[in-house]
Amino acid sequence: VVVASALIEMYAKCENLDEANSVFDSLPQKDVVVWNVLVAAYAQHGKGYLALKCFENMQQHGVLLDQFTYSSILKACGSVGVLEQGAQVHEQIVDAGYQSHVIVQNALVDMYVKCGSLNEACKTFDRVKNRDAVTWNTMIAGYAEHGFAGLAAQYFQEMQANAIRPNEMTFSAILTAFTYTGLVEEGVQYLKDMEVFHGLKPNIVHINCMIDLLGHAGCFYDVEDLLKITSDLD
RNA sequence: GUUUCAUGUCU
């Protein structure tokens, strides 16, 4: 089973989900890890419905679910956008005693964000004791997506006050917040801060964010400058 | 041996 789960994972990473599935089917005995690998494979490749189906099967087979199962299935709920189902999984998590597991909590916050429930996301976020960068990033991205640039910026400050360093994900999240609200100056400032104060080099995602930010505002001249700067980087 | 977060296009 150990070899099989590694094999399934490899097929999944190669995006060959059919082959992953047939290896899975050929197994006479399946443990929780193999199930988890398959659920995660579907969830990670945007096959939310298949992940949910697999999750259902898994439960019918009486497999004891763990933190790996829950975090993957929450991702699937988020990508499909099924809030009720996600909330149901939330209850299961509480019953199973996994509600204090950081990764599961982060997955819960993200699920609520992706299902459009900022309220529940926020409530869940507040219950997280030891927030890590992912916890903060998820919430910042959630506010960004919903057009709350002010809150996104506030959380950006708060995360640092809580001794959590912003990373690449944090910056792309905050930059999109400014794009959606047309705050060009702020975006430019954060991009600078990213290198100057945080020692992070903007990657392709950040450059795309900036092109988007400036483009939306009609600053085509600046976009050209940006393209020049970035071609010098490589 | 398995899990959670970021840009745009499309779904």
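The questions and answers below concern a predicted model of a protein with an RNA strand.

Q: Why is the pair of phenylalanine 125 and tryptophan 136 called edge-to-face?
A: The two ring centres lie 5.1 Å apart, and a pair requires centres within 6.5 Å. The planes stand at 75°, and since angles over 60 degrees count as edge-to-face, the pair of phenylalanine 125 and tryptophan 136 is given that name. This is one of 10 aromatic pairs in the structure.

Q: What makes this a pair that ties together separate parts of the chain?
A: Phenylalanine 125 belongs to helix α8 (residues 118–127) and tryptophan 136 to helix α9, so the pair joins parts that are 11 residues apart in sequence.

Q: How do you know whether phenylalanine 125 and tryptophan 136 are buried or exposed?
A: Buried means under 20% relative accessible area. Phenylalanine 125 has a relative accessibility of 2% and therefore counts as buried, and tryptophan 136, at 1%, counts as buried too.

Q: Why is the pair of phenylalanine 125 and tyrosine 155 called tilted?
A: The centres are 5.4 Å apart and the planes make an angle of 55°. Planes under 30 degrees apart would count as stacked and those over 60 as edge-to-face, so the rest are tilted, and the pair of phenylalanine 125 and tyrosine 155 is one of these. The pair links distant parts of the chain, with phenylalanine 125 in helix α8 and tyrosine 155 in helix α10 (residues 149–161), 30 residues apart.

Q: What makes the charged end of lysine 30 count as sitting over the ring of phenylalanine 24?
A: The charged end of lysine 30 is 5.0 Å from the centre of the phenylalanine 24 ring, and the limit for the distance is 6 Å, with a further condition of lying within 35 degrees of the ring normal. The charged end of lysine 30 is accordingly described as sitting over that ring.

Q: Why does the approach of aspartate 31 to RNA strand B count as a polar contact?
A: An N or O atom in the side chain of aspartate 31 is 2.9 Å from a base nitrogen of RNA strand B, and a polar contact is a pair of N or O atoms within 3.5 Å, so the pair qualifies. A polar side-chain atom of lysine 114 lies 3.0 Å from a phosphate oxygen of RNA strand B, while for glutamine 67 a backbone N or O atom is 3.2 Å from a base oxygen.

Definitions and conventions. Residues are numbered from 1 along each chain as its sequence is written. Chains are lettered from A and ligands numbered from 1 in the order in which they are written. This is a predicted model: local features need pLDDT of at least 70, side-chain atom pairs count only at pLDDT 80 or more; totals for chains, interfaces and linings use all residues. Side-chain values use heavy atoms; hydrogens and water are left out. A polar contact is a pair of N or O atoms within 3.5 Å; within protein, one must be able to donate a hydrogen and the other to accept it, and residues adjacent in sequence count only if both atoms are side-chain atoms. Rings of Phe, Tyr and Trp (its six-membered ring) pair if their centres lie within 6.5 Å; planes under 30 degrees apart count as stacked, over 60 as edge-to-face and the rest as tilted. Helices (H or I, at least four residues) and strands (E, at least two) are DSSP runs, numbered from the N terminus. Buried means under 20% relative accessible area, exposed over 50%, partly exposed in between (1.4 Å probe, protein chains only).
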